[in-house]
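Dear colleague,

I am handing over the structure below for your reference.

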Amino acid sequence: MTATVMSAEDIRRAITRIAHEIVERNGGVDGVDLVGIADRGDDLARRLASEIERIEDRAVPVGALDITFYRDDIGLRAEAPEVHETRIGFDVSGATVVLVDDVLFTGRTIRSAMDALMDFGRPRAIQLAVLVDRGHRELPIRADFVGKNVPTSRADDVRVEIVELDGRDEVTVTPHGEGG
């Protein structure tokens, strides 16, 4: 049975809290850039930027990063990869870049994102913000900012729906074998 683990209100609160944590951890927003991993992390990054601007009364640069061709499973998948646009209209060199994604699972997407980000410069630091951390890491990667830790089995389906793409905000978990 599919379970809702975050409602729209839970997601709103998590974005607000993560925005505050980013500001606190970095002593403000000077030199802080947000880069969302397409195709949900970039929308979440824009939400975080909006909330940070509300808190600090200052805009932070926001970009979108497509990691398709940096994935280590690119040749192992049967289906053709879905390619998104990368939009980083600022220099990341010397900045603290907060990578934003919807779900942290094995860590491989984040490794790919760090590789892709390095093509745009050498950040002073990279931090990671995720809406959901579901565990099961295969690489030594952890999030600095987490909306919610959600215990899952490796085979469970964790689905993040966001209003920008799906018409609603919700995070659900469907146990393996029950379909989506």
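A salt bridge is taken here as a side-chain nitrogen of Lys or Arg within 4 Å of a carboxyl oxygen of Asp or Glu. Please note that the model is predicted.

By that criterion, the structure holds 23 salt bridges. One of them joins Arg17 and Glu21, whose closest N and O atoms are 3.4 Å apart. These two residues are four apart in helix 1, and therefore separated by about one helical turn. Arg17 is partly exposed, at 34% relative accessibility, and Glu21 is likewise partly exposed, at 27%.

Other pairs link separate elements. Asp169 and Arg47 form a salt bridge with an N to O distance of 2.7 Å. Because Asp169 lies in the loop between helix 4 and strand 8 while Arg47 belongs to helix 2, the pair ties together parts that are 122 residues apart in sequence. Both Asp169 and Arg47 are buried. A further salt bridge, at 2.6 Å from N to O, is made by Glu138 and Arg108.

As to the fold, five strands form an open sheet with parallel pairing, in the order 3-2-4-5-6. Strands 3 and 6 stand at the edges with a single partner strand each, so one side of each has no neighbour in the sheet. Neighbouring strands are turned by 25° against each other on average, direction ignored. Helix 1 (residues 8-25) packs on this sheet, touching strands 2, 4, 5 and 6. Helix 2 (residues 41-56) lies across strands 2, 3, 4 and 5, and runs at about 150° to strand 2.

With kind regards

Notes: Residues numbered from 1 in each chain as written. Predicted model: local features only at pLDDT ≥ 70, side-chain atom pairs only at ≥ 80, totals over all residues. Heavy atoms only, no water. Pairing = 2+ DSSP bridges. Axes fitted to C-alpha atoms, helices over the stretch in contact; angles between N-to-C directions. Contact = heavy atoms within 4.5 Å. Buried < 20%, exposed > 50% of the residue type's maximum accessible area, 1.4 Å probe, protein only.
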